[in-house]
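Biologist: Could you take me through this one and tell me what stands behind the labels you use?

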Amino acid sequence: MKLRDLLFITSFPLVVIGPILVGVISYQFLKESTFEKLQVVNTIHTEDFVELHINARHDILVKNKMDGLKNYVKAYKDEVIVEVQSEDESYEGSFVIVDNQGERFFYNKGYFVGVTDSELRANLVALKQGARIINLNGEKYVFSKLQFLPWKWDIYGLYPIEETSELLKEVAFAVFLVCGLILVALFTVTSLMYRYFVIKPLSEISLFSERLSNLALEGRLRIKSPEEFRVLSKHLDRMRVSLTENIGKIEKANEELSQFSYRTSHDLKSPLTASKKLTEYILLDIENGDLEEAKNSVKRVQSQVTKLESLVDDVLSLTKIDLNTENEIEFDLKELIDDIVDKRKTFFEDDCCTFSVSVDLADPKIRGHKIRYQQIIENLVSNGFKYKDEKKENPYVKLRAVSVGDRLSITVEDNGVGIPDKHHSEIYQMFKRFHPSLASGSGLGLAIVKKHVERMQGSIHFSSSQQGSTFQVDIKRK
């Protein structure tokens, strides 16, 4: 189901039922308030009738001291009864007098057409029991009741509510119509706003997401309002940028992988081919009885196998960088450096190259992947020794580890042959050997270092000339 259809389904009942409910509620409210106003008006008329027609006559009787004379009292009562039984043009209702002393009641029979005495009596009884409306011959009346104690009369003023009911219906219909028009207008305005602020942005987001799924990454998504869609569009556009960057990285990685596969297969094949050829020479030397030459060939085979083993180790180290699942641990960097020095101590001494280590850390314990730090330091130090300058009197390799703020700085400096300026842009590429005559490495050492540093969100810088090389690795301490 589409969003606009859902909006119509949920809003249409409101447009239809809303005015009806408002009309019914308004009708009930107006009916109640009008009923109360009718009672107030009717009570005023009833009070006026009692004051002008009953109380005034009683005051005359009292003033003339005739209230004790039954004939005069009866005459005055008859006058009031005649007035009740006559039509009053100033009052749309009518009065009913209940004589509690004589258990009689009087009313204008010409006003209450078709109403029997028994029906009127039953309604008067109902009023005493709490009824609010009198229903006489299908007509409804509100009532007001006053008592005139000197004559023991109950005076009821009955006022028809038919005309008022018709007025209420007209008012309720008008309210219904007005509310209906207002709700239709609101529905129209809301629909337009909903289309502009919800449906349109969602459609743009949907189309943009579809383009992303098809890797069509051109063009930006810009939605300014509402705020939630603006934030969502911003995140989607960031996703587009990230996808663009990642695709570029993937393409670069694929290219590197192709080169890696080619160079690896070539470097692996070369020592294998050489070893195979040497074994043929060994067999010929043995057949000819030249054991000394056979031994020399065996040594050359061992050298090729060692070279092959070193290449395999470097390739495995490089591939394990991205697959490293080792948990971060806390370890002592100084102890790690001491272990590296001990492991290569003999090599350093035989190489006649001075090796100095300086660890200036307030706290040598750091947290991270120990194997990454080990391979970074080992490769940088190893390169310093491999490419020493035989022409210099005092070749050296210096290793320093210091804290700089919240970062750990590891520096390896040597006074070796250096790296030619023209090769500086290629220094971290795989299988690059800038002095193949000095060492037979795989050309993966600096590539391994670079990858480890990047995985730890660190940075690596170098400077190199004929006076030597300096590599500095900065990693945030944990």
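**What the labels rest on**

Biologist: Why is Leu177 called partly exposed?

Modeller: Leu177 has a relative accessible area of 43%. Buried means under 20%, exposed means over 50%, and partly exposed is in between (1.4 Å probe, protein chains only), so with 43% Leu177 is partly exposed. Bear in mind that this is a predicted model, where local features need pLDDT of at least 70 and side-chain atom pairs count only at pLDDT 80 or more, while totals for chains, interfaces and linings use all residues. Residues are numbered from 1 along each chain as its sequence is written, and side-chain values use heavy atoms, leaving out hydrogens and water.

Biologist: Where is Leu177 found?

Modeller: In helix 4, residues 162–213. Helices here are DSSP runs of H or I with at least four residues, strands are runs of E with at least two, and both are numbered from the N terminus.

Biologist: What makes the nonpolar surface patch of about 400 Å²?

Modeller: Phe173, Phe176, Leu177 and Leu181 do. Patch residues have over 30% relative accessible area and no salt bridge; nonpolar side chains (Val, Leu, Ile, Met, Phe, Trp, Tyr) are joined within 5 Å, like charges within 9 Å. A salt bridge would be a side-chain nitrogen of Lys or Arg within 4 Å of a carboxyl oxygen of Asp or Glu. The areas come from the Shrake-Rupley method with a 1.4 Å probe, and for residues only the protein chains shown count as cover.

Biologist: How do you know that strand 1 and strand 5 pair?

Modeller: Two strands pair if DSSP finds at least two bridges between them. Strand 1 (residues 94–99) and strand 5 (residues 153–160) are joined by 6, so they qualify, and they run antiparallel. Ser94, for one, stands opposite Leu158 in strand 5.

Biologist: And which strands stand at the edges of that sheet?

Modeller: The open sheet has 5 strands in the order 2-1-5-4-3, with antiparallel pairing. Strand 2 (104–107) and strand 3 (133–136) are at its edges: each has a single partner strand, so one side of each has no neighbour in the sheet.

Biologist: Which strands pair in the parallel sense?

Modeller: Strand 7 (residues 354–360) and strand 9 (residues 396–404), over 7 bridges. Ser356 stands opposite Lys398 in strand 9. Strand 9 is also joined to strand 10 (residues 407–414) by 8 bridges, and those two run antiparallel. In their hairpin, which has 2 residues between the strands, Gly405 takes a positive phi near 65°.
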